[in-house]
Amino acid sequence: MTPGWLNDFQRDGFVCLPDLVSSAMVLELISALEEANGGNSGLRHRGRETYAIRNLLESVAAVRSLAESAALKPVVKEVLGAEAFAVRGLLFDKTPEANWKVAWHQDLTIAVKRKLEVTGFGPWSIKAGIQHVQPPVAVLEKMVTVRLHLDDCTEKNGPLQVLPGSHTQGRLNAENIQAWRARASAISCVAGRGGALLMRPLLLHASSAAVRPGHRRVIHLEFAADTLPGGLEWLG
Ligand SMILES: O=C(O)CCC(=O)C(=O)O
């Protein structure tokens, strides 16, 4: 049976799913992440605090299990079908020492195993030693992101904000982004611990610095269902 949220998700480009993951699983993930917070070359630091980990799928087994779990997999399957697989995992955190913000943007890059010149793919960049590339919009349109909250995220600790429906117009330039900001009301995606936001990478999103900074840990998992053309391979 089709879940009630699917129509909203297709129309708006996002849906909030409270209590997707149990508290026990969240605690397990937090301790696995703390353990990983040592030798991972993908860590970025500001002050003494980690505010982002790249390569999460490669470096933390518990995150790989999460991507395949009975909590997440059925949700992703509803959107992408039974062939869906995780392609990238990131951790975002905001803390008093790393109280960052990001301007309105779409997620336009994917991570791949190696660089190959394929028509429609580019520009290329390297982040934390990993090849990233902007794929054609058709690739991004067939992806979905799950952002799992490991802490309660309120209006006060820099929740993700989104512009509903902005995922339907392909890649947006600065002028288009301004126009979307003028005509759509931003929604703050507040969530409790264990809640998730399901979103399309092309959805316009931003986040402000926290007013009351504490941990705001989010595991960001991207899923796709298709292989890439021309010998390119997803990193995950
Ligand atoms: O977690 C956030 O507040 C922002 C993350 C972000 O910019 C992204 O997912 O592209």
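A nonpolar core is a set of buried Ala, Val, Leu, Ile, Met, Phe, Trp, Tyr and Cys residues joined through C-beta atoms within 7 Å. In this predicted model, the largest such core has 57 residues. Leu 197, Leu 198, Ile 219 and Phe 223 are the residues with the most contacts inside this core. Strand β14, which covers residues 218-224, gives the most to the core, with five residues. In soluble globular proteins, nonpolar side chains tend to be buried together.

The secondary structure comes to seven helices and 14 strands. Along its principal axes, the C-alpha trace spans about 40 × 40 × 40 Å. A compact globule of 236 residues would have a radius of gyration near 18 Å, and the chain, with 17 Å, agrees with this. Of the 236 residues, 38% count as buried. Contacts can also be sorted by distance along the sequence. Among contacts in the chain with a separation of 6 or more, 81% are between residues 24 or more positions apart.

Now return to β14. How many of its seven residues are buried? Seven of the seven are, and the strand is described as mostly covered. Both faces of β14 are covered.

Strand β4 (residues 85-92) is joined to β14 by seven bridges, and the two run antiparallel. Within this pairing, Phe 85 stands opposite Ala 224. Strand β9 (residues 144-149) is joined to β14 by six bridges, again antiparallel. Here Val 146 stands opposite Leu 221.

Leaving out residues up to four places away in sequence, Phe 223 touches Val 76, Leu 80, Ala 84, Phe 85, Ala 86, Val 87, Met 143 and Val 144. Phe 85, one of these, is the residue that stands opposite Ala 224.

The next stop is the ligand. Which residues surround the ligand? They are Phe 92, Val 102, Asp 107, Leu 160, Ser 207, Val 218 and His 220. By class, this shell has four nonpolar, two polar and one charged residues.

Last come some details of the backbone. Most residues other than glycine have a negative phi, and most peptide bonds are trans. The peptide bond from Gly 122 to Pro 123 is cis, with omega near 0°. Pro 123 lies in the loop between β6 (110-112) and β7 (124-127).

Asn 55 is not a glycine, yet its phi is positive, at about 55°. Asn 55 lies in the loop between β3 (49-53) and α3 (56-59). Is Asn 55 buried or exposed? A residue counts as buried if 20 or more other C-beta atoms lie within 10 Å of its own. Asn 55 has 24 other C-beta atoms within 10 Å, so Asn 55 is buried.

Ala 128 also has a positive phi, of about 50°, although it is not a glycine. Ala 128 lies in the loop between β7 and β8 (130-133). With 16 other C-beta atoms within 10 Å, Ala 128 is partly exposed.

Notes:
Residues are numbered from 1 along each chain as its sequence is written. This is a predicted model: local features need pLDDT of at least 70, side-chain atom pairs count only at pLDDT 80 or more; totals for chains, interfaces and linings use all residues. A residue is buried if 20 or more other C-beta atoms lie within 10 Å of its own, exposed if 12 or fewer, and partly exposed in between; C-beta atoms are placed from the backbone. Helices (H or I, at least four residues) and strands (E, at least two) are DSSP runs, numbered from the N terminus. Two residues are in contact if their C-beta atoms, placed from the backbone, lie within 7 Å. A residue is near a molecule or strand if its C-beta atom, placed from the backbone, lies within 6 Å of it. Ala, Val, Leu, Ile, Met, Phe, Trp, Tyr, Cys and Pro count as nonpolar, Asp, Glu, Lys and Arg as charged, and the others, Gly among them, as polar. The radius of gyration is taken over C-alpha atoms; the globule rule is 2.2 Å times the number of residues to the power 0.38. Two strands pair if DSSP finds at least two bridges between them.
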